[in-house]
Amino acid sequence: MLSGQPWLILRRFWPLSRELFGSISKRLLSFAELSFGQYGADWSFFPKWLLLILFNWMKVMRETGLLNRTLLILVVCFPLFTFSQAPEKIIFDTDMGSDCDDVGALALLHQYVSEGKAEIVAEVYSSGVVPYGAGVIDAINRFFGRSDIPLGASHGNEVGDPVDKMLAEQMISDTSRYGNRIVTNTDAPEQVGLLRKVLASQPDGEVTYVTIGHTEALASLLNSGPDQYSPLSGEDLVEKKVQRWVALGALNAGNERGDLVKDWNFFFNGTADYTRTCLEKFPNEVYFIDGGSDVMTGQGLQHLGKGNILYDAYVSWLDNVFDRTLEDQRSSWDLLAVYFAVEGKGSYLSDRGPGYLEFSSEKGCRWIQTEPRGNQYLISQREGIDEAFSEYLNEKLAMIEKDY
Ligand SMILES: [Ca+2]
């Protein structure tokens with residue numbers, strides 16, 4: 001599949017293409033009349049006739065100055081068609097509101113969509129204790145003019161950060177401010193049904209499932225049974241449609257001492273057993289993303305200003321939790337997962353090599369560097385690139401247009 005960029009360029013060149021083919025076809029027709037007049041209907045002259053057409057076509061193009069312009073089109077478009085990647089199909093699973101890097105991650109993902117590098121297949125807010133994250137996601141989608149992205153949410157209240165750190169309730173309860181239609185989770189479809197519906201309609205093996213929060217939605221999807229959307233079990237549906245799971249989780253599991261560690265996303269707020277289920281049942285490749293603590297982002301959103309949901313959500317969280325401003329910025333754990341899902345390791349991330357994640361809901365997890373068991377990969381941030389990575393991500397955020 002082609003990204004949008006080459007088509008945009010072709011559209012720009014369309015008037016020129018019409019001029020080119022209009023002029024040439026007219027000259028060609030008159031030349032064909034001449035040729036057949038000379039050689040009649042004797043098909044033994046056909047190869048010679050073709051050569052003459054080609055020669056004359058080039059002559060016409062050179063005379064009309066179109067040859068150079070045609071070559072220009074080919075030079076511009078060929079690399080784009082050859083090297084442009086298909087947009088990554090992403091399911092974005094977040095605990096929006098618990099931290100502000102979820103806002104940065106969704107902003108970055110939308111920017112990738114604008115660049116033709118990603119497609120957001122679905123979004124889920126898999127926290128139920130504070131039920132306002134779905135409203136923030138809806139407001140962000142609407143800012144980008146993408147309110148049609150399927151958005152589901154947890155309808156339970158057992159998993160999730162118990163504190164509304166972003167003051168999301170205040171931000172999105174008055175729907176006139178950001179135009180959101182969703183306020184609480186139950187205004188959005190229940191997450192597992194939505195995920196099954198969306199996955200059933202996707203081509204096989206193309207979706208990347210990104211978790212930057214809890215693992216409850218993915219575990220519940222894997223445990224689900226056949227329904228009106230698909231006769232497949234959750235495990236079979238995921239095996240067929242989802243090529244990989246990219247998880248912001250298992251942070252510091254690759255520590256040199258081999259200590260068992262517990263990170264926020266995989267262990268806290270009621271998620272540990274759901275994570276274990278995901279690790280046991282997820283049938284395809286799994287990538288654990290480890291890094292982002294000292295990669296500071298937020299300043300790239302300054303240009304959007306007060307009244308913009310991305311700006312307001314970052315500022316609200318930083319002010320409420322740390323009494324800080326956007327200038328102080330925030331760690332970028334979740335942005336790293338989105339970066340990897342769309343751009344791969346790039347210049348900032350590296351693969352730790354073969355191994356697997358040892359996991360105990362009670363004791364913690366650690367990366368065992370040995371023969372691979374399953375398809376698990378630990379992706380770590382490279383040494384000494386905190387500042388360069390911050391700059392890169394902030395530049396991406398700064399590209400977000402003020403008006404969509
Ligand atoms: Ca998060």
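Q: Which residues make the contact of helix 5 with helix 12, and how do the two helices pack?
A: Keep in mind that this is a predicted model. Helix 5 (residues 133-143) and helix 12 (residues 309-322) pack at an angle of about 145 degrees, and their axes are 9 Å apart. Helix 5 brings V136, A139, I140 and F143 to the contact, while helix 12 brings I309, L310 and A313.

Q: What makes the contact of helix 5 with helix 12 nonpolar, polar or charged?
A: Just look at who is there. Val, Ala, Ile, Phe and Leu count as nonpolar, and V136, A139, I140, F143, I309, L310 and A313 make the contact. The tally is therefore 7 nonpolar, no polar and no charged.

Q: Why is helix 4 called roughly parallel to helix 13?
A: Helix 4 (residues 101-114) packs on helix 13 at an angle of about 25 degrees, with the axes 7 Å apart. Angles under 35 degrees count as roughly parallel, so helix 4 is roughly parallel to helix 13. Their crossing is right-handed.

Q: Which residues make the contact of helix 4 and helix 13, and how do they divide?
A: From helix 4 come D101, D102, G104, A105, L108, L109 and Y112, and from helix 13 come W333, D334, L335, A337, V338, Y339 and V342. They divide into 10 nonpolar, 1 polar and 3 charged.

Q: Where do L109 and A337 stand in the largest nonpolar core?
A: That core has 103 residues, and L109 and A337 touch the most other members. Helix 13 (residues 333-343) gives the most to the core, with 9 residues. Leaving out residues up to four places away in sequence, A337 touches A105, V210, I212, V246, L248 and I289.

Q: How do you know that I90 is buried?
A: Count its neighbours! I90 has 23 other C-beta atoms within 10 Å, and the cut-off for buried is 20 or more, so I90 is buried. This residue lies in strand 1. Not counting residues up to four places away, I90 touches L109, A118, E119, I120, V121, T208, V210 and A341. I90 and V338 are 248 residues apart along the chain, yet 9.1 Å separates their C-alpha atoms.

Q: What makes I120 buried or exposed?
A: I120, found in strand 2, has 22 other C-beta atoms within 10 Å. Beyond its neighbours within four places in sequence, I120 is in contact with I90, F92, L109, V113 and I149.

Q: Why is helix 8 called largely enclosed?
A: Because 7 of its 8 residues (216-223) are buried. Those are E216, A217, L218, A219, S220, L221 and L222. They pack against strand 1 (88-94), strand 2 (118-125), helix 7 (191-200), strand 4 (207-211), helix 9 (234-241) and helix 11 (272-281).

Q: What does the protein chain come to in helices and strands, and how much of it counts as buried?
A: The chain has 14 helices and 12 strands, and 42% of its 404 residues count as buried. Of the contacts with a separation of 6 or more, 81% are between residues 24 or more positions apart.

Key
Residues numbered from 1 in each chain as written. Predicted model: local features only at pLDDT ≥ 70, side-chain atom pairs only at ≥ 80, totals over all residues. Core = buried A, V, L, I, M, F, W, Y, C linked by C-beta atoms within 7 Å. Buried ≥ 20, exposed ≤ 12 C-beta atoms within 10 Å, placed from the backbone. Helix = DSSP H or I, 4+ residues; strand = E, 2+ residues; numbered from the N terminus. Contact = placed C-beta atoms within 7 Å. Axes fitted to C-alpha atoms, helices over the stretch in contact; angles between N-to-C directions. Parallel < 35°, antiparallel > 145°, perpendicular 65-115°, else oblique. Left-handed = near helix turned anticlockwise from the far one by under 90°.
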